[in-house]
Amino acid sequence: MAYFASVRRIPNIAYAGWESVSFMIFAVLMFVIPISFVSAEFATAMPVDGGPSVWISKAMSPRWGFMAAWLIWVQMCFGMVTVGAAFADMIATMLGAKSLLSNNIFIGLIVIAVFWLITFLIIKGVPITLISTYGTIIGLFIPLAVLLIFGTIYTFTNNPGVFEAPSLSDMIPNAGDIGTLSRLSGIIFLFAGMEQASSFANRIDNPRKNYPRAIILATCLTAGLFTYAGLITDSLVAESKIALADPAQVFSVMFNNWGVGWITIIIAAMIALSCITEISAWTVGPSRGMLQSARAGSLPPVFQKTNKRDIPVPLMILQAVIVTAIALIFVFIPGTNGVFNTILTMAVVLYCIVYIFILLSGFIYRKRHPNEKHAFQLPGGKVGAAIISVIGLIGVGFVIVTSFFPPASLKPDEHAGYILFILLGTILLTAIPLLIYRFRKPSWKVAEERTDASVAKESADS
């Protein structure tokens, strides 16, 4: 659950209201389970570092493997801007400065400052990632438990009608309302990165039986708890006032009305810690994946360099520059919710392209290695594997299509700009890795693959 669940996503779920129930069912059945199962099959067949880029390289070609590594790296830059925006709102909440919650300049500058600070600390070897375990417990599980328990109590005493059984029409999205369907992306991003958990398939007893159980339990538990948390938030905060970048908003409503608003400050500090945890973890991970691609000759030699702590400094500096450029969108474009939605959707689309490659690679790898046995295989044999992969492709394709629908937080005259941004951004960011790979030079690989003799000679000379 800690791989993908985040309290920061609750406002996105609340924004969908009762329709979030249908979106969650769709996410679990058509998105999470197919991708998780195919990823686990790959992870047990190729228990090596690299994840999706390695799987796709071996199943399809190194070109598409490099593209996957690139897209995971670039989408992280968009995703971390949304995390930084939540961190900025937590700082504003802790300072008691509500005016800063919708101040684009403040949010943009905090995003830039915190990302550069974390990048600098990691490069210098400060063990900031060691807080990840405590950050997850303090910043995810405690706030979620507080919201579920006290939110239920507050709702029962102030708005008990919320718990009445909804009609079927309340839970089914209006297909004619593109603003409604666009909310699917925000919910899907709750599960982004789920394939990373597939590495655990190699570490458990009887993975063929237990891994599917674990994935289904984790995703259903996450979907159930977060849908309920979203409905509580929706009952306490009017839809028109939900701030997508402010997960502490619902706590503020509860505790301010109870006269203990200081508790919100503590919750905000906890969520801020989880944001730091998430940024520090994602700052290094995708860069290491790109480092492997660089060492394979897909990037110029400068990006193969690491410091004495094996940190890919040039890649991390470049991603900080990219994050800065994206964060400036908050500074120059008004409307926090609209900007937040646009940046989040861009990350979802890029990650979904990676998932398409993973699912297609599953088809190809099984065809090329039909008799290969490994710890986890998709249930149902060849037919079951084909059905699961097709379901996943349909689900991912639907998410990409609905991502182009302008969210309701945007004004009608902003719709064209939104669609153009997502479309051109997707084309540009998928074309760049293909161009880099097409014009790569043989010397890029030679620079990294030196012989043992030359290494020994250099060591002796030094």
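**Exercise 1. Determine how many helices and strands the chain has, and how much of the chain is buried.**

Solution. Step 1: the secondary structure amounts to 18 helices and 0 strands, where helices (H or I, at least four residues) and strands (E, at least two) are DSSP runs numbered from the N terminus. Step 2: the model is a predicted one, in which local features need pLDDT of at least 70, side-chain atom pairs count only at pLDDT 80 or more, and totals for chains, interfaces and linings use all residues. Residues are numbered from 1 along each chain as its sequence is written, and side-chain values use heavy atoms, with hydrogens and water left out. Step 3: of the 462 residues in the chain, 52% are buried; buried means under 20% relative accessible area, exposed over 50%, and partly exposed in between (1.4 Å probe, protein chains only).

**Exercise 2. Describe how helix H5 packs against helix H13.**

Solution. Step 1: H5 covers residues 104-123 and H13 covers residues 313-332. Their axes lie 8 Å apart, at an angle of about 170°; axes are lines fitted to C-alpha atoms, for helices over the stretch in contact, and angles run from 0 to 180 degrees between N-to-C directions. Step 2: H5 is therefore roughly antiparallel to H13, a term for angles over 145 degrees. Step 3: the contact (heavy atoms within 4.5 Å) includes Phe115 and Trp116 of H5 and Met316 and Gln319 of H13. Step 4: the residues of this contact comprise 18 nonpolar, 5 polar and no charged. Here Ala, Val, Leu, Ile, Met, Phe, Trp, Tyr, Cys and Pro count as nonpolar, Asp, Glu, Lys and Arg as charged, and the others, Gly among them, as polar.

**Exercise 3. Identify the residues that touch the most other members of the largest nonpolar core.**

Solution. Step 1: a nonpolar core is a set of buried Ala, Val, Leu, Ile, Met, Phe, Trp, Tyr and Cys residues joined through side-chain atoms within 4.5 Å. Step 2: the largest has 141 residues, and Phe31, Phe78 and Phe251 touch the most other members. Step 3: helix H4 (residues 62-95) gives the most to this core, namely 21 residues. Step 4: Phe251 is also one of the buried residues of helix H11 (residues 249-257). Leaving out residues up to four places away in sequence, Phe251 touches Pro143, Val146, Leu147, Asn256, Thr264, Ile267 and Ile271.

**Exercise 4. State where serine 287 lies and which residues it touches.**

Solution. Step 1: serine 287 belongs to helix H12 (residues 262-298). Step 2: serine 287 counts as buried because its relative accessible area is 0%. Step 3: residues up to four places away in sequence aside, serine 287 touches Trp73, Pro312, Leu315, Met316 and Gln319. Step 4: between serine 287 and proline 314 there are 9.6 Å in space, C-alpha to C-alpha, and 27 residues in sequence.

**Exercise 5. Decide whether aspartate 310 and leucine 236 are buried, partly exposed or exposed.**

Solution. Step 1: aspartate 310 is in the loop between H12 and H13, and its phi is near 65°, a positive value in a residue other than glycine. Step 2: aspartate 310 is partly exposed because its relative accessibility is 35%. Step 3: leucine 236 is in helix H10 (residues 207-236) and counts as buried because its relative accessible area is 15%. Step 4: not counting residues up to four places away in sequence, leucine 236 touches Tyr154, Thr155, Val250, Val253 and Met254.

Notes. Parallel < 35°, antiparallel > 145°, perpendicular 65-115°, else oblique.
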